[in-house]
Every structure is written in structure tokens, then in C-alpha cells.
Amino acid sequence: MTEQIKQTRPGKVYLVGAGPGDPGLITLRGKYLLERAEVVVYDYLATPKLLKYVPKGAELIYAGKKGGTKHTHTQEEINQMLVDRGRQGKMVVRLKGGDPFIFGRGGEEIEQLAAAGIAFEVVPGVTSATAAATYAGIPITHREYTASVAFVTGHEDPTKKDSNIDWSKLATGAGTLVIYMGIKNLPTIVENLVKNGRDAQTPVAVVRWASTPEQHSVIGTLETIVDKVRSEGIKPPALIVVGEVVKLRDTIDWFEKRPLFGKRIMVTRTREQASELVAGLEEDGANCLEFSTIHLEPLDSYEILDGELERINEYHWILFTSINAVKYFFHRLHEQGMDSRDLKGVAVGAVGRATGDLLLKYGIRVDLIPETYTAEGLAESLLDLGVEGRNILIPRALKAREILTETLRGVGAQVMVAPVYQNVPAQGDREQLRRVLENGEVHMVTFTSSSTVNNFLSLLGASDQDELNRFLKGVKIAAIGPITAKTVTDNGLRVDVQPNEYTIGALNQAIVEYYRKK
Ligand code: SAH
């Protein structure tokens, strides 16, 4: 499709609303365009999380602009950039926070494009006013409280003589007022509203970083809000919502009530696997810091596996101890021109449900899943079936625990280990890891295997137990199962959360329970 747009169309600039911060709030049209962009010019308030949709190789330009402070580019430079790229025939997405035409200078950018004869299109976005109200549990209108809303900029100094804002009319002219860019001028804004007839007892909400895991809201009245905002240290970007509808928050507040809201959880997993746990925790409101400790890589040589695949029908069992083993095994199987049909007649065992579910996707219904999802559990259930003299193939990581192999060999099984992938420690950033821990930015760390524990600790590189304890002071530890937990305690640390079932879902649930009880 990129090709199509490129070949059949001259350059065009798309002004796209990114929404308020939650990346899920961009429009489908906006996402469609990002996926085809050749150039993306994005703002401070347009969440960088959306950049994952942009094709590799596209030019990314950060246009900055943080209320009042340092500007990365002036508005003139931005306008010029858009005109230049459009003229070069590029498919340009100008990504702007919220809605491009609501206090976003979108109109000015389009005027420049129009003057230069560059084709353009505008895609609206969820403006931060509606998002802030909604995510703070405030319906912006309500039949019983208000029939009108006004969006106002608080950026203008309300004492300036030639102000565009007529506060005498605004103060009582609209039921709900939503004020953008008003934190700095909050005292004068409040004073003007009250002076011009708005009841000092009118409820007010101030919402910072609305719709993101950092959302922070402060509730008061016109009389109290200035002090409250000061004492809570609220800085931009924040919105001010004024009106009786703010009262409904008592009933409707939903976003901040999610069980893990306000919790910062570091998820240490292989980069390839982090997403499921992160998605679940975020759904419960957590702010996840993904920390990659392990990286999976294919092997240089598949000689052993290839040899065994040639005589695969001599095997009685194939055992899979992880979903990665499944993925890499089948990848190689397919590369060798074979598929699941070549495994006919061989029984298949999986260490747990996730591994079993994945096998089904490859067309294999497993014959055995142990009650306890560990290598020990798998070994035990095989012993129950009797495996003496049986040929067993175990495709797995290059380095792994030998417990399954040893137990089965111990009872006379012919076990062949075929490495199919390797775990290499990720090249993480030690300074960054230490910084977030030292700043107390992490409430909990999750471990989903012994190697995530070991690699996390070696990356952290504490010189002794005291230093390690200092880094992890106040940080809770969640471990997926007993083996992982033992690795944690072997390192002199305490496990705070451990589910009964060793699955990602159960770990997620156990973390929710842990904080619910607190
Ligand atoms: N076009 C944007 C507004 C740009 S003006 C929109 O439609 O939302 C910038 C102001 O928007 C900030 O000063 C702040 O008042 C508000 N704002 C933007 N994103 C916000 C967010 N996530 N939380 C609270 N306020 C936000």
C-alpha cells in the first residue's frame, strides 16, 4: 500500500490527531496513515508509543514544544519542514497531541501548506479535554447538571488588557469549562471566574497526563483548588475542568480505581515474550517498565536436530519444556521441508498449558501435560507412565537445567537432547537500571524464569549483598513458580508474590491480589 500511495500520488501532508496519551485512542484512520508514512513529525504531547506503527526507515522528526520552555523547533521551522517534505513528494504525517485543530496551531500549519500549494488532509483526534474528563470519571455534560461546554485556553494572561477571552461572559456562560494550558495562570483564572459571578463552591478537577499510567488528578472547588494544586505539585500538562459535573467522579471514577493503578512494575523477560504479561498488567492499570534480560537467538548449527529429524519415527516421545522450544523446533522442521504430519505416531508432552496451546496451533494435540508445570512435574508424570527403554527427544535451549534428562535416563529411557535456540544475556543499560531503582521508581519486579533472575542480577552488578539490598530496598519481588523463587532466595532476596499455578495469567492475578490485600 505504501508503494501504491507513492507511485500514484504526489506528496501530501496529513495532519493527524494522536489523541491524549493512551496510544489506544488514536483513530483507525490515523493508524492507517502512520503505517504508510515516509516522514513523521511529532510533538511533545503525541505519545511516542505510536511510533511503533511507522515503517522502518521512515524519517522521524521530533518537533518538541513543551509549554513555554525550550522549543526544539520554532513553529516557522516546523511549517517549513512540512512544506519542504511535501514538495519532495513525501507522504508526511504531522502527528499532534489530542486534536490538531484544538489549541494545536494546526490551522496555521495548514494555512502554510495551502499557501505553498501542498496537498493536505486533516484527521481529528480525541482531544485531551474529553479524555481528561472521561479518565477522571467526569461526564463532560449531563442532563441534570449542564447543557453546555466551553474549551478555553488558559495560556493567555487573564490580566492582559487586550485578552481574547471575555471572562465576564465565560464565567457563567457555559455549564462546564475545560481550560487547556492553564496551570501557570490558575490563580488568576480562578480569581476571574469568581469575580465574574461563578460560585466559589463550584467543583474543579485538575488532571495531569490524562489517560496515561502517570495520570494524576486533584479535586477541589474554585476556593480550594489553587492550594491543592500547589501542595500536590501539579505541573503541566494538565487540564482544568470546572463545573457541577465534577461531582459525578465520586460514582464514575474508573481509570484510577483499577487495581494496579499507580504501580510501577518492572517486567524482566525475554524481549520476545514480554508482551503478554505487560498487556495484562497494563489492563489492570499498572505502569510497566519492560526490562529485557534475555535475548533468544537461533543456533549457528542445527546438526543434532537435523540428524534426529531424519529418524524421528524411531522416537516414542518428544517433550517440550517451553514455548520457545516449540517455536524454534517447528521453524527448523519447516526449514527441512517437513511439517506436523512427519511427527505421526510420536507422543508429545508439554511442560504446561501455554506450551500445549501453542503446540495445538502447529496442529499437535499433546498427549501429556503434568499437573505441576515444571520439568520435575513433567518427569514425574512420565515416570508414572513408564518410560524404560523408550526413545525420548527433548528440543530445548542450549543451556538448560538437566533435571528432566537425568530423571528419565535414571529409569532407563534413551534421552536425546537437541538444542534448538540459545539464551544470551541482553545488552541492557546498567546505569539506567540503577537509576530507576535508586530513584524509587519501581514498586515491583517480576521474574518468569531463573535466567531472568540471574541475568537481572548480573546486569545490576551489585558489589555485595548490602549493595544489592540497597538497590532493591522497598521493591517487591514476584516469581512465577518455585524454581524461579528459589533462585531469588538463593541470592539472599525475598519473594513477595508467587502464584499457585505457574502461568503468566496466574502471576498477573497474584500480583493484583497482593495489592488488593494491601
Ligand atoms: N491539541 C491538543 C491540545 C494542545 S494544547 C488537544 O486537543 O488536546 C496543550 C495543552 O493540552 C496542555 O497544556 C494541557 O493543558 C492539555 N493536554 C494535552 N494532553 C494532555 C494530557 N494527556 N493530560 C492533561 N492535559 C493535556
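Predicted model: local features only at pLDDT ≥ 70, side-chain atom pairs only at ≥ 80, totals over all residues.
Reader: Which residues come nearest to the ligand, and how many residues are around the ligand?

Author: There are 17 residues around the ligand, and I102, T127, S128, A210 and A238 come nearest. A polar side-chain atom of T127 lies 2.6 Å from an oxygen atom of the ligand, and a polar side-chain atom of S128 likewise lies 2.6 Å from a ligand oxygen atom. With A238 the polar atom belongs to the backbone, and it is 2.7 Å from an oxygen atom of the ligand. Taken alone, the ligand exposes 540 Å², of which the protein buries 92%.

Reader: How do the residues of the shell around the ligand divide into nonpolar, polar and charged?

Author: The shell is made of 12 nonpolar residues, 4 polar ones and 1 charged one.

Reader: What should I have in mind when I read phi values and peptide bonds?

Author: The general idea is that most residues other than glycine have a negative phi, and that most peptide bonds are trans. In this model, a cis peptide bond, with omega of about 0°, joins P236 and P237, and P237 is found in the loop between α8 (225–231) and β10 (238–242).

Reader: Which residues have a positive phi although they are not glycines?

Author: F103 is one of them, with a phi of about 45°, and F103 lies in the loop between β4 (91–96) and α4 (106–116). S211 also has a positive phi, of about 70°, and is found in the loop between β8 (203–208) and β9 (216–221).

Reader: In which sense, parallel or antiparallel, does β16 pair with β12 and with β15?

Author: Strand β12 (residues 287–297) and strand β16 (residues 414–425) pair in the antiparallel sense over 4 bridges, and in this pairing I294 stands opposite P425. Strand β15 (residues 391–397) pairs with β16 in the parallel sense over 7 bridges, where I392 has V415 as its bridge partner.

Key
Residues numbered from 1 in each chain as written. Heavy atoms only, no water. Near = heavy atom within 4 Å. Polar contact = N/O pair within 3.5 Å; in protein donor to acceptor, adjacent residues only side chain to side chain. Areas by Shrake-Rupley, 256 points an atom, 1.4 Å probe, with all protein chains shown as cover. Nonpolar A, V, L, I, M, F, W, Y, C, P; charged D, E, K, R; others polar. Helix = DSSP H or I, 4+ residues; strand = E, 2+ residues; numbered from the N terminus. Pairing = 2+ DSSP bridges.
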